[in-house]
Amino acid sequence: MIDKHIEKSFNRLCEAEYKADFVFRPASYSWQGDWEGRAILAYCNLYEITGKKPTDFDKVMELLPEKMNEEGFIGPVFNDNEVDEQQIAGHSWVLCGLVEYYKLFKDEKVLQMAKTLFYNMYMRVLPHIKDYPLDREQVNEGGVSGSLTGKVINGWKLSSDVGCAFHNIDGVARYYALTKDENAKLYLDTAIAKFFEFDRRKARAQTHTTMTGARGMYILYTATGDKKYLDMAIEVFNLYRDYGMTLTYENLNWFERPDTWTEPCAVIDSFILAVNLYEATGDKQYLTYLRRVWFNGLSFCHRVNGGAGPNSIVLKDQPYLWINRYEAQFCCTMRYCELLLYVDKNRDLLVRDDQKDVVIDEFGRKFKGDLMYVLDEEKGEEIAIYDLAFPENNEKKYKVLFN
């Protein structure tokens, strides 16, 4: 099954939306650098898994320098009066992609692009971090792809993906781990301190950016050996597990908003972080989690066309699983490739275990081992969610809770 996931994702990343003439988004696209960065990272992930390059990998890297502005990033030059959190969030993926590309191919020009991006964008963001607005009006806004709200508070141009400015903890942490640039360490410590001032539940923060930030904290732990960063990552993981996770091991797109949808990007982050925490601590709770999130949360997110998309939020009073949006081609499809890199490296942890004993837990979920079973009410049949991988684009619903 894992090989099939890899094949489908590889083939999807060779299709039109991931060719160079589409990857580079028009000036009107409000997530500057996001599509481009996620694509480069996905190409790198797939190359590392398969040894093959998706169709336009080389072309995108060849064109990237000329798509940058005079300051070395995509979109408008930096505005000290209005820091655009979507632009700095999007460029975290560019930084991730450049770092991973350099690690694979040792291209010094790409490393210089990463340095230029860090200094010309993130070092200019640094003095503004202290002013990031923490108190947010609780409104139900935002789509599967976030958008600028039109609000500028404390010099920050804000997104409906609440807290997405902290995406860059991941990108800058990867940059620091590679270069040991002490200015990047200064940036990270400042951003992480602000991250922990943020009441993410009260602000209804996006869970994806929360977990991406936590992964950056773990990377910083591996780069420094300082256990405080590991403890921070564990604290964020626990917050997500307790308040941001659905009963199918997916996520609420925002904390405290159960009427929305899941987002594979956040679920992928939670899987990768669980792998990291299991490696670091040996605590079996993380092994159980990563197995259950793979078998029950992430396989159903992977569609038959090789893309990935959000599903319904399953909670105690919302017992049905269905496809909410068939594909989020602008984010989740690409991030699924990074998931598969970790899945491929940890196949020994993901062997299917069909235990004979059926266990129904306190929520009414039915398990055999780590596989959760759901009811197809039309057919009157029970089926493992794992066996529903690669669903077609339909409105079929499955009952998750049995009591």
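## Cavities, pocket and core

The lining of the second largest cavity is made up of 9 nonpolar residues and 1 polar residue, with no charged residue. The structure is a predicted model. The residues that line the second largest cavity are Ile88, Val125, Ile129, Tyr132, Trp156, Ala165, Phe166, Asn168, Tyr187 and Ala191. The volume of this cavity is about 60 Å³. A search of the whole structure gives 2 cavities of 30 Å³ or more.

The largest pocket holds about 460 Å³ of space. Its lining consists of 21 residues, and those nearest the pocket centre are Glu100, Lys103, Arg174, Tyr342 and Lys345. Two or more lining residues come from each of helix H3 (34–50), helix H5 (85–105), helix H7 (168–179), helix H9 (207–224), H11 and helix H13 (332–345). Sorted by class, the lining of the largest pocket has 9 nonpolar, 4 polar and 8 charged residues.

Of the 17 residues of H3, 14 are buried, so the helix is largely enclosed by the rest of the structure. Glycine 51 follows H3 and has a positive phi, near 80°.

The largest nonpolar core has 136 residues, and Phe271 and Trp294 touch the most other members. Helix H11 (residues 264–281) supplies the largest share of this core, 10 residues. In soluble globular proteins, nonpolar side chains tend to be buried together. Leaving out residues up to four places away in sequence, Trp294 touches Ile2, His5, Phe271, Ser299, Tyr336, Leu339, Leu340, Val343, Leu350 and Tyr386.

| Residue | Relative accessible area | State |
|---|---|---|
| Asparagine 154 | 49% | partly exposed |
| Alanine 114 | 1% | buried |
| Asparagine 253 | 1% | buried |

Asparagine 154 lies in the loop between strand E2 (148–153) and strand E3 (156–159). It counts as partly exposed at 49% because exposed means over 50%. Apart from neighbours within four places in sequence, asparagine 154 is in contact with Asp131 and Pro133. Asparagine 154 and asparagine 251 are 97 residues apart in sequence, and their C-alpha atoms are 30 Å apart in space.

Alanine 114 belongs to helix H6 (residues 108–125). With 1% relative accessibility, alanine 114 is buried, since the limit for that state is under 20%. Not counting residues up to four places away in sequence, alanine 114 touches Leu95, Leu98 and Tyr175. Its C-alpha atom is separated by 51 Å from that of phenylalanine 402, 288 residues apart along the chain.

Asparagine 253 sits in the loop between helix H10 (227–243) and H11. Which residues does asparagine 253 contact, leaving aside its neighbours within four places in sequence? They are Ala205, Gln206, Thr207, Thr260, Trp261, Glu263 and Ile313. Asparagine 253 is buried, with a relative accessible area of 1%.

Definitions and conventions: Residues are numbered from 1 along each chain as its sequence is written. This is a predicted model: local features need pLDDT of at least 70, side-chain atom pairs count only at pLDDT 80 or more; totals for chains, interfaces and linings use all residues. Side-chain values use heavy atoms; hydrogens and water are left out. A nonpolar core is a set of buried Ala, Val, Leu, Ile, Met, Phe, Trp, Tyr and Cys residues joined through side-chain atoms within 4.5 Å. Buried means under 20% relative accessible area, exposed over 50%, partly exposed in between (1.4 Å probe, protein chains only). Helices (H or I, at least four residues) and strands (E, at least two) are DSSP runs, numbered from the N terminus. Contact means heavy atoms within 4.5 Å. On a 1 Å grid over the protein atoms alone, a cavity is a set of points where a 1.4 Å probe fits but cannot get out, and a pocket is an open set with protein on both sides within 12 Å along at least five of seven lines; lining residues have an atom within 4 Å of a point. Grid points are joined across faces, edges and corners, and a volume is the space filled by probe spheres set on the points. Ala, Val, Leu, Ile, Met, Phe, Trp, Tyr, Cys and Pro count as nonpolar, Asp, Glu, Lys and Arg as charged, and the others, Gly among them, as polar.
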